[in-house]
Amino acid sequence: MSAPAGLKNPGAAVRGVGAAGLVVEGVVLLLALLPLAKLGHATGAIWMCGVLAVVCFLLCGLLKHSWAWIGGLLVQVALFAGGFLHWSLIALGLVFGPAWLYALYVRRSVYANKPD
């Protein structure tokens, strides 16, 4: 029996999708630092963006562990919670939250079709 969709290593493909999403999110969070700094009075949001960017980059290499996928979901929840610090964090959560949910859906569908 062949791998789903002709993938030779479906686990690595799924980890690549998750890692790509986390890298893009981490870069966007780093790019958000300067506008937040220029706005002023957003020190908490600046720290949160920096910490979440580092967490995103760390999780990229840990996606072979199932708990890292949950950690990625927690990053999205933290973005929404960070909306109390600045509204732009909610906007980022609205962009990356559904993207991460889609990555989780892809992971689940690939592993559900994985041959034994």
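C56 counts as buried, at 0% relative accessibility. Buried here is under 20% relative accessible area, exposed is over 50%, and partly exposed lies in between, with a 1.4 Å probe and protein chains only.

Before going on, the ground rules. This is a predicted model: local features need pLDDT of at least 70, side-chain atom pairs count only at pLDDT 80 or more, and totals for chains, interfaces and linings use all residues. Residues are numbered from 1 along each chain as its sequence is written, and side-chain values use heavy atoms, with hydrogens and water left out.

Back to C56. Which cysteine sulfur is closest to that of C56? The one in C60, at 7.1 Å, which is too far for a bond. A disulfide needs a pair of cysteine sulfur atoms within 2.5 Å. The count by this rule is zero disulfides. C60 also counts as buried, at 18% relative accessibility.

Next, the surface. V23, V27, L30, L31 and F57 form a nonpolar patch there, with about 420 Å² of accessible area together. Areas come from the Shrake-Rupley method with a 1.4 Å probe, and for residues only the protein chains shown count as cover. Patch members have over 30% relative accessible area and no salt bridge; nonpolar side chains (Val, Leu, Ile, Met, Phe, Trp, Tyr) are joined within 5 Å, like charges within 9 Å. A salt bridge is a side-chain nitrogen of Lys or Arg within 4 Å of a carboxyl oxygen of Asp or Glu.

Where does the largest share of the patch come from? Helix α1, residues 10-31, supplies four residues. Helices are DSSP runs of H or I, at least four residues, strands are runs of E, at least two, and both are numbered from the N terminus. F57 sits in helix α3, residues 43-60. F57 is partly exposed, at 34% relative accessibility.

Helix α3 also holds W47. Is W47 buried or exposed? Exposed, because its relative accessible area is 61%.

Last stop, H86. H86 is in the loop between α4 (66-81) and α5 (87-112). H86 counts as buried, at 15% relative accessibility. What does H86 touch, leaving out residues up to four places away in sequence? L36, L39, A42 and A45. Contact means heavy atoms within 4.5 Å.
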